[in-house]
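Here are my notes for your review. Please read them alongside the sequence and the model.

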Amino acid sequence: MALTDDIEDIRSSFSDALESAGDDLEELESLRIQYLGRKGKVQQLFSLIGQADPEERPKIGKLINDLKEEVTDKLESAKAQAEAAKERKEAEIDVTLPGVQPFVGHDHPLALTMDKMQQIFTSLGFVTMEGPEIETDYYNFESLNIPKDHPARDMQDTFYIEDEIVLRTHTSPVQVRVMENYDPPVRIIVPGRVYRNEAVSARSNCLFYQIEGLYVDEDVTFADLKGTLQQFIHRFFGKDAKIRFRPDFFPFTEPSVEIDISCFICGGSGCRLCKNEGWLEILGAGMVDPNVFQYAGYDPEKYTGFAFGMGVDRIALMKYGVHDIRLLYDSDLRFLRQF
Ligand code: DAH
C-alpha cells in the first residue's frame, strides 16, 4: 500500500509546486525536470513497481501512468498560459516605439504682445495696475474732463449697462483711480480689456485690449513723454521702426499727440491694414490736463505728467503680420498654433 501513498504524495506535492510556480517559465521547466525527467520523481515510481505484490503491479502501473499523464498535461497547459501572459506583457509597452508628442498649449499672440510691452515698461520703471471693466460714467468720462454734454463722448461708442454704468471704453479711468489712491510720483501702466459699440471688421472689434500709461511727478515734461515712447517703440519694433508725432485732441491731455509707426506689412507703400497710408496710428498721448489732476485731487500747480494709451490688438497684428483682427478672437487652432 505504501506505493499508492507515495503516488498520492507526489501528486499533491506537484500540485502545490505548480501553484507556487505561477507564470514563471523557468520555474515550470525546473518542475518538469524534477517530476518527469529521467531521474524525476514520477520516473522513480516506475522503478519501485517491482516491490509491489505481483497481482497489484498492473493496477499500480496504471496509477503511475495516470499520474505521469496528469503531470504532463498540467505542466503543458501551465506553460502555454505562462507563454501567453509573457506575450501580452511584452505587447503592452514597446519601448522601441518613438514617443507620442503631447499637445502643449502656449500663450495667445495677444498675451505674448502684452507681456513683451509690459516687460519693456517695467524695465523703464513703470508699475502694473488694474481697474474694473464695468466702470462708472464718472471714471470713464467725467473725471477725464469729458462732461455729459461734451462732443468728445461721440469719439467712443459706448455700451451702457445702466444710466451711470458703462463697459469701460478705454483704460484711462484707471489713471484717476490710481491718482486718488497714491501720492506722486506715480509711474504706472494699465493693461486691460475695453469695449466699444462698433461694427466688427478686419480693423476693429467691439472688444479689444489697451495699455494705458501714466507718469506724474514734479517737472515731468513733454520731452519725457517723447523719450519714453520713442524708447518703447524702438525696443518693441526695432531701431528701424519710424515714428511720427501728430498734434491731436484728447479731453484729458493738453497738448495731445497721436503717434504713428511706419506700416511694416507694406513698408510704407500702402496696404489694406494701413488703409494705403503707409502709417498706422498706434498711440494717443499727451500731457495730463490740469482738470484731471483736480478731479483726482493732485495739485496742478505742483505736478505735471504725461499719459498714453495704445491698442494692443493693432500692435499684435503688425508684429505678427496678421491682416484681420477677428482672427485674434476666433479661437481657431489652425491660426493659434502658428505662434
Ligand atoms: N483713451 C484714449 C482712447 O482710448 C487713448 C489715450 C489717448 C489715452 C491719450 C491716454 C492719452 O492716456 O493721453 O482712445
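**Salt bridges and one helix pair**

1. Start with Glu29, which forms a salt bridge with Arg32; the closest N and O atoms are 3.0 Å apart. Keep in mind throughout that this is a predicted model. Both residues sit in helix α2 (residues 25-36). They are 3 residues apart there, so about one helical turn separates them.

2. How accessible are the two partners? Glu29 is partly exposed, at 34% relative accessibility. Arg32 is also partly exposed, at 38%.

3. The search of the whole structure finds 15 salt bridges. In general, side chains of opposite charge can pair when their charged atoms come close.

4. Glu70 and Arg11 form another salt bridge, with the closest N and O atoms 2.9 Å apart. Glu70 belongs to helix α4 (residues 57-92), and Arg11 belongs to helix α1 (residues 2-21). The pair therefore ties together parts that are 59 residues apart in sequence. Glu70 has a relative accessible area of 25%, so it is partly exposed. Arg11 is partly exposed too, at 21%. The cut-off for buried is under 20%.

5. Arg326 and Asp324 also meet through their side chains in a salt bridge, at 2.8 Å from N to O. Which of the two is buried, and which is partly exposed? Asp324 counts as buried, at 16% relative accessibility. Arg326 is partly exposed, with a relative accessible area of 33%.

6. Now the helix pair. Helix α5 (residues 109-123) packs against helix α10 (residues 312-320) at an angle of about 100 degrees. Their axes are 9 Å apart. Angles of 65 to 115 degrees count as roughly perpendicular, and α5 and α10 are therefore roughly perpendicular to each other.

7. Which residues make this contact? From α5 come Pro109, Leu110, Leu112, Thr113, Met114, Lys116 and Met117. From α10 come Val312, Asp313, Ile315, Ala316, Lys319 and Tyr320. By class, the contact of α5 with α10 has 9 nonpolar, 1 polar and 3 charged residues.

How values were computed: Residues numbered from 1 in each chain as written. Predicted model: local features only at pLDDT ≥ 70, side-chain atom pairs only at ≥ 80, totals over all residues. Heavy atoms only, no water. Axes fitted to C-alpha atoms, helices over the stretch in contact; angles between N-to-C directions. Helix = DSSP H or I, 4+ residues; strand = E, 2+ residues; numbered from the N terminus. Parallel < 35°, antiparallel > 145°, perpendicular 65-115°, else oblique. Contact = heavy atoms within 4.5 Å. Nonpolar A, V, L, I, M, F, W, Y, C, P; charged D, E, K, R; others polar. Salt bridge = Lys/Arg side-chain N within 4 Å of Asp/Glu carboxyl O. Buried < 20%, exposed > 50% of the residue type's maximum accessible area, 1.4 Å probe, protein only.
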